[in-house]
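Hi,

Here is the structure I promised to pass on. Have a look at it first, and then read my notes below.

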Amino acid sequence: MNTGNTVQDSVTALKKKRAWHWLEYVFWLAAAASVFLLPSQHALLTQIAIWSLFALSLDLLLGYAGIVSLGHAAYFGFGAYVAALFAINFTGEPITGLIVAGIAAGLLGLATSLLVLRGTDLTRLMVTLGIALVMYEIANQMSWLTGGADGLTGMPVNPVLGIFPIYFRPANSYAYVLIVCFVLFFVAKRIVHSPFGYSLRAIKGNPLRASSIGIPNNLRLIAVYTIAASYAGIAGALLAQTTPVVSLTYIDFQRSADVLLMLIIGGTGYLYGGVVGSALFLVAQKFIGNITPQYWEFWIGFALVVIALFARDRGVFSIFERILGALRNDKAKP
Amino acid sequence: MLRRSFLAALAATALAAGSVPAAAQETVKIGLIIPLTGPFTTTGKQLEAAARLYMQQNGTTVAGKKIELIVRDDAGRAENTARIAGELIQNDKVSFLAGFGLTPLAMATAPIATNSKIPMVVMMAGTSIITERSPYIVRTSFTLGQSAVIIADWAAQNKIKKVVTLVTDYAPGHDAEKSFVDQFKSKGGETVESLRVPIQNPDFAPFLQRVLDAKPDALYVFTPSGVGAILMKQFVERGLDKSGIRLIGPGDITDDDVLPGFGDAAIGVVTAHNYSTDHPSAKNKEYVAAFKKANPGMRPNFASVGGYDGIHLIYEALKKTGGKTDGDALLTAMKGHKWESPRGPISIDPETRDIVQTIYIRRVEKKNGELYNVEFASFPDVKDPVKAQKK
């Protein structure tokens, strides 16, 4: 076996990884079908899609670059406030709002990444938490602009691109959110399977070795932090556009903690962890909550403990994998 | 596989469709959306307990219709409140939305109420502007201004000339400060200093030192309920109680639900509010006894009467329309409605759909070993001062 062949093999292997898995086709087709088949659940599905996007942005940090964050809601909330204020003062066209929110949150991410990237995991936890608390307090203090604890209302939501009305149209607004999520998932998939994405995983695996093979660690981490912040901002903007109020809960600690929880339940490092986690979390919240409104959190906590004990790396997904693996082994046996 | 997921989706739709009961015409549903998890759980529990108590006492059949209460938790998050309100209307076909523990939660739901023409009974949230956000909103709780303005009137009448205000630094705190300062000034009083305490880290010690230095006649305080206990403890520790400075404020600081845990430090605090567990009417005595019996370990507070009266208003509106659930007819029935609540006589202002009620001045005293807000003066028929000013 010569060297040419080995390189060829690894390229083929990487291309194979980049290609879409059949489950992904099924997932997106099912998501598209749900627009028509599940009209009674559109509001819940819209929330799941938005949380998924938010969790995806955290997955880019945690799952691929190994940056832990307890303050990711800072960018989510910032994007939401920017989108709402932009809609109130300039135009209520949603796509423009998303772009503006994405850029604004990205810039905030770029600026704060310099603080976050100093130090190790524990320092990062503290710094990200601190940034989110500072953002929360700013939003609370500037109540002349943000409405403070009363929330920011009166945001106009015009038809998307002037033709597709989403205000008070649950089906349309779900379709809109789903399309935005699909585009951003597609982009994220390209990012993580690009050389850039692989360099992030190298940094996550061993920063010293990564830098010794010529990867500019800090620049790469700043870039991914900016992208993740921008994604979070767009998720926040989507929630602002589909809920008629932006309030301090968009930016509070609970939101940062919940998104981390969802991502861990779903599993990190394969992009869809946030989808699985947020779907399980919100469906559990809704259906267990309908039976026992006060105690649904108990079951979520219980699930988290079980997952942490038995399926650490990929959350519930690895439980499926184990079952699938077991089934395959059964088949392999004569 | 594709077909399988389609089938699963179909099955789910069928299930969702099947969950709408066949007897929809005979049942009138009330969707109660309250925070039952998260930091505002106590409010939600009080609202739910009171709503259930009313239905237990008055039966579940009104004007020939069966009343069903659907309770949902929004965890204090506006996007959840809006989503749940939409689902309750679309999937459960509720005829009333009720609850709303905090201002943003009510604000997020207002456009939904307008759009679907469904009456929305605000049982807790207290910012003045809420009722202006939809013609389908009525409020059975209170507005922040009602208590803040009345305590200013009372202070001005009772030889309090110089006041320092101390509020939690968030929007309701700012409102409570402004309402009080403006009213107190118009009555000839002077606010020497206005202090704001961060919401995240309520340590009052440095602020109380400044109060001590300013030597006012009284310290006006507004904090979310619960935080009041820390303040009162530090008030006594710093010796402010012996300096002759009185502690006054809207009734949120001496919330009946948490007051028993405050200790003797709270004795003598004078507040203005719409309800006290100790309100000496026969109706209230009966209410408190029934509430405590149904919910051992809980004491009904001002949130609970908002819930109790909210369900009462819904019942009465249905009686007036003969069981018809047309939103506009129900609103007409609710406007101007007057009744005797455990808190005293109340009514719904036909113009603003906001509550008109007596505001009581109370002093914290110990009765049978427990702390109570004991009423000693009252200001009848108080409307929301913010809206009154706008005219």
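Predicted model: local features only at pLDDT ≥ 70, side-chain atom pairs only at ≥ 80, totals over all residues.

**What I found**

Leu97(B) has Met120(B) in β5(B) as its bridge partner.

β4 of chain B covers residues 96–99 and is joined to β5(B) by 3 bridges, with the two strands running parallel. Both belong to an open sheet of 6 strands in chain B, ordered β2-β3-β1-β4-β5-β6, and the pairing in that sheet is mixed. The edges are taken by β2 (61–62) and β6 (137–139) of chain B; each has a single partner strand, so one side of each has no neighbour in the sheet.

Helix α2 of chain B (residues 41–58) packs on it and touches β1 (27–34) and β3 (65–73) of chain B, with its direction at about 170 degrees to that of β3(B). Helix α3 of chain B (residues 78–90) lies across β1, β3 and β4 of chain B, and it runs at about 175 degrees to β1(B).

While you are at this sheet, find Ala63(B), in the loop between β2 and β3 of chain B. Setting aside neighbours within four places in sequence, Ala63(B) is in contact with Leu318(B), Lys319(B), Gly322(B) and Gly323(B). Lys335(B) is 272 residues away from Ala63(B) along the chain, and their C-alpha atoms are separated by 19 Å.

In one of them, β12 (residues 338–341) of chain B pairs with β13(B) in the antiparallel sense over 4 bridges.

How enclosed is β13(B) by the rest of the structure? Largely, because 4 of its 5 residues are buried.

Arg353(B) sits in the loop between β13 (344–348) and β14 (355–367) of chain B. With a relative accessible area of 11%, Arg353(B) is buried, because the cut-off for that is under 20%.

Lys117(B) is another non-glycine with a positive phi, about 55 degrees. Its loop runs between α4 (103–116) and β5 (120–122) of chain B. Lys117(B) has 46% relative accessibility, so it counts as partly exposed.

**Over in chain A**

One helix pair is worth a look here. Helix α12 (residues 253–266) and helix α13 (residues 273–291) of chain A have axes that come within 7 Å and cross at roughly 110 degrees. That makes α12(A) roughly perpendicular to α13(A), because 65 to 115 degrees is the range for that label. By class, the contact of α12(A) with α13(A) has 7 nonpolar, 5 polar and 1 charged residues. On the α12(A) side, those taking part include Leu261(A), Met262(A) and Ile265(A), and on the α13(A) side they include Val276(A), Leu280(A) and Phe281(A). Asp258(A) and Gly266(A) are also among the α12(A) residues in this contact.

Chain A averages a pLDDT of 87, and 92% of its residues score at least 70. Among the elements of chain A, helix α4 (residues 73–89) has the highest mean pLDDT, 96, while helix α15 (residues 315–332) has the lowest, 65.

For chain B the mean pLDDT is 88, and 92% of residues reach 70 or more. Where does the pLDDT of chain B fall below 50? Over residues 9–25, a stretch that has 12 contacts in the model beyond near neighbours in sequence.

Cheers

Conventions: Residues numbered from 1 in each chain as written. Chains lettered and ligands numbered in written order. Heavy atoms only, no water. Axes fitted to C-alpha atoms, helices over the stretch in contact; angles between N-to-C directions. Parallel < 35°, antiparallel > 145°, perpendicular 65-115°, else oblique. Contact = heavy atoms within 4.5 Å. Nonpolar A, V, L, I, M, F, W, Y, C, P; charged D, E, K, R; others polar. pLDDT = per-residue confidence, 0-100. Buried < 20%, exposed > 50% of the residue type's maximum accessible area, 1.4 Å probe, protein only. Pairing = 2+ DSSP bridges.
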